[in-house]
Structures are given as structure tokens and as C-alpha cells.
Amino acid sequence: MKTFITDDFLLCNNIAKELYFNVAKDLPIIDYHNHLDPKLILKNVNFENITEAWLNGDHYKWRAMRANGVHEDYITGNKSDYEKFVKWAETVPYTLGNPLFHWAHLELLRYFNIDVSINKSSAPSIWEKTKALLQQPEYSVRSLLQEGNVEFIDTTDDPTDSLDAHISLEREGFDIKVSPSFRPDRALLIEDENFLAWVKELGEVTGLLIENYDTFLQALEKRVNFFDDCGCRSSDHGIDVMFFQNTTKNEVNTIYNKRIKEEKLTEDEIEKFKTYTLLHLGELYYDKGWAMQLHLGAIRNNNKRMYEKLGPDTGYDSIGDFHLASKLSSFLDSLEQQNKLP
């Protein structure tokens, strides 16, 4: 039985159809925020099966499966890829009204030419058909990106990343631009127990002995320059609760020294460190002509037990209800007053 997807799926009036078919349909994809692994693109791997392509690492699907009562063994556990896919297929009908429902059926049709409803009964045939296709050269990672008319990919990268895959892809002359984006979340988390360990990593990749706040900023600037040389044109920040407090570099230097001595910081001190550091980064981005992306208002890692077991970005974040506008306005205005707003 054919699915609900037609050529004008979701296009509910003539203006929508005109804009899609006459303007948007054949435009290339410019993807400025994703979590694709550039190493997979460099190696041009073929996924073994649809679970590898669809479910591994996709915590949006994991959340839906958990909400549907699927046991963790079938999500991040040791069950086989086939068993995990069947549990996902069983979940899909219950995602009606969620974009996951549309995306799954669209991808199945557009990439595999399989026009069936995804459910428990159709799972075996979908598994076999997609598994056979994914072994073909035209279903390698690069081929899939080219088939999707992708022109630009902006990955998400920590300042300590080597960017070796990006550099190799550029040297190869791969026709899709795979650019890094600068995601220095860990540089701001001075209160985190792993902050000093991350600063040590930063010192190792920059060749600097980071003993004070000045050399900390120098190291960040050095990585901004390196990322820029590797084609980076945007930064990316995950900010749960927006922060802003007027402060000075001398004051933040004192706060940084307290942290090095592993002394306890106050909430005000933490906020002042984050404010000054992010403002400094914002000025660097302006000078480079980068865009500055702010991901605001999530509550991260709600489930501590599963965080300790699986780590971050595994489907346990949620929407927050913090006050954002006032401090965000002050933060952006501070950059604007210096004529340095990215």
C-alpha cells in the first residue's frame, strides 16, 4: 500500500506549491548545523544496514522509542541491529504528528524508492531491501550526500579537534564543502569538574603552557585562527541559561586563578567568567567575519544515571523555561557597542 507522500506533500496552497516547485525544489542544500562525522565522509563508508544509517547515534529516534516503552537493550544495548530496527519500525506509527514520522517515510521513499508504511509487519521487507541497496557504491556516504544535492556541510567541532578529516577532504578536492564550526562549550564551563582537564588538552594542541587567563585566551584565539585556516566560517554555542554580568579582565583573571587552585567559585564569579570569555570570542568571530550561532534554553542531561552510563547527547535533554531575553539583550548589546557584533 502506498503511503501518504505525494509530490506536493505538505504544500497546502498554490503559493506554497509555486515557491517549492519553481524556486526551492532544485536548490542545493546548505547545511550550517549538523553532527555528521567527517571521518565517515573521508572514508566514504557504506553502512552495513539501515540501523547503522538511521538509528546509531540518532537520539531523537531513541527518545521516541523510550517514550513508546522500548527497552534500552533495543536502543543503546546489545540487541542485534535487526532487532533494534524492528523496535523502531514498531514505534513509527506512534510518532504520527511528530516530524520523525514524516522524515522516516520521506527518506525511505526518496533514497530507497520504498513507498510503504513503516510498521512491525513491513519491517522485515524494508530491512532486506535497504540492506541490499546500502552495499552498492551509489549508497556510500559521499554518494548519498551528492544524491541529496548537498553543497555545503558545517560540522560541529570542539576547539581541541585536529580537523584532520576536514583538511584531507579539502586536499582531495571533494566537491562538497565540508567545513568545521567552532563549538567551545567546554571553554565556558569553568564550574565543570572536567574543565581543568580540557584546558590541559587545549594547551597540548596549541603548544602553550596555560597558567593564567591571558594564556587561556591566547590558546582560544590560536584555535580560532586554525579553524579559520581550515575553512571555518561559524561558531556554535550551546547555552542553557543565558548569562551576563559586567566585569573586568582583572576580575576574571582572579576568578580563573581560583579555579586553577580548585577553590570553590560563586555563581556570580562563574557568570562573570562566562560573560567575559564569550564576549572575547564574539569579538574574534567578528574580526574573522564568522556567524555566531547560539543554541539557547535546553535542560541538558536530565537523567543522571543514564548520563553516567551513556554520556551526553543520548536523548535525555528537554526544553527549558528559563528567562533569556534580558541578559541576551545585554550580551549582544555589549558587542554592538564595540561595533563587534558577529
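Colleague: Let us begin with a loop. Where does L163 lie?

Modeller: L163 is in the loop between β2 and α9 (164-172). Helices (H or I, at least four residues) and strands (E, at least two) are DSSP runs, numbered from the N terminus. This is a predicted model, in which local features need pLDDT of at least 70 and side-chain atom pairs count only at pLDDT 80 or more, while totals for chains, interfaces and linings use all residues. Residues are numbered from 1 along each chain as its sequence is written, and side-chain values use heavy atoms, with hydrogens and water left out.

Colleague: What is the phi of L163?

Modeller: Most residues other than glycine have a negative phi. L163, although not a glycine, has a positive phi of about 60°. N113 is also not a glycine, and its phi is positive at about 55°. N113 is placed in the loop between α6 (99-112) and α7 (123-134).

Colleague: Is L163 buried or exposed? And N113, buried or exposed?

Modeller: Buried means under 20% relative accessible area, exposed over 50%, and partly exposed in between (1.4 Å probe, protein chains only). L163 has 3% relative accessibility and so counts as buried, whereas N113, at 66%, counts as exposed.

Colleague: I turn to the sheets. In what order do β1, β2 and β3 stand in their open sheet?

Modeller: Strands of a sheet pair through backbone hydrogen bonds, either parallel or antiparallel. Here two strands are taken to pair if DSSP finds at least two bridges between them. The three strands form an open sheet in the order β1-β2-β3, with parallel pairing. Because β1 (29-31) and β3 (177-179) stand at the edges with a single partner strand each, one side of each is left without a neighbour in the sheet. On average, neighbouring strands of this sheet are turned by 5° against each other, direction ignored; the axes are lines fitted to C-alpha atoms (for helices over the stretch in contact), and angles run from 0 to 180 degrees between N-to-C directions.

Colleague: Which residues stand opposite each other across these pairs?

Modeller: β1 and β2 are joined in the parallel sense by three bridges, and D31 has I153 in β2 as its bridge partner. On the β3 side, three bridges likewise link β2 (residues 150-154) to β3 in parallel, with D154 opposite S179. Four of the five residues of β2 are buried, so β2 is largely enclosed by the rest of the structure.

Colleague: How many bridges does β4 share with β5?

Modeller: β4 and β5 (residues 291-296) pair in the parallel sense over six bridges. Strand β4 (residues 234-239) has five of its six residues buried, so β4 is largely enclosed by the rest of the structure.

Colleague: Now for the helices. What is R142 in contact with?

Modeller: Contact means heavy atoms within 4.5 Å. R142 lies in helix α8 (residues 141-147) and is buried, with a relative accessible area of 13%. Leaving aside neighbours within four places in sequence, R142 is in contact with I41, L42, N44, L169, E172 and F174. Y307, in helix α15 (residues 304-310), is partly exposed at 36%. With neighbours within four places again left aside, Y307 is in contact with N301 and P312.

Colleague: Which residues make up the nonpolar surface patch?

Modeller: I15, L19, V23 and L27 make a patch of about 400 Å², and V23 belongs to helix α1 (residues 14-24). Areas of this kind come from the Shrake-Rupley method with a 1.4 Å probe; for residues, only the protein chains shown count as cover. Patches are made of residues with over 30% relative accessible area and no salt bridge, like charges being joined within 9 Å and nonpolar side chains (Val, Leu, Ile, Met, Phe, Trp, Tyr) within 5 Å. A salt bridge is a side-chain nitrogen of Lys or Arg within 4 Å of a carboxyl oxygen of Asp or Glu.

Colleague: Finally, how many helices and strands does the chain have?

Modeller: The chain has 16 helices and seven strands. Of its 342 residues, 43% are buried. The accessible surface comes to about 18,800 Å², and 49% of that belongs to carbon and sulfur atoms. Along the principal axes, the C-alpha atoms fill a box of roughly 70 × 45 × 40 Å. Among contacts between residues at least 6 apart in sequence, 72% join residues at least 24 apart.
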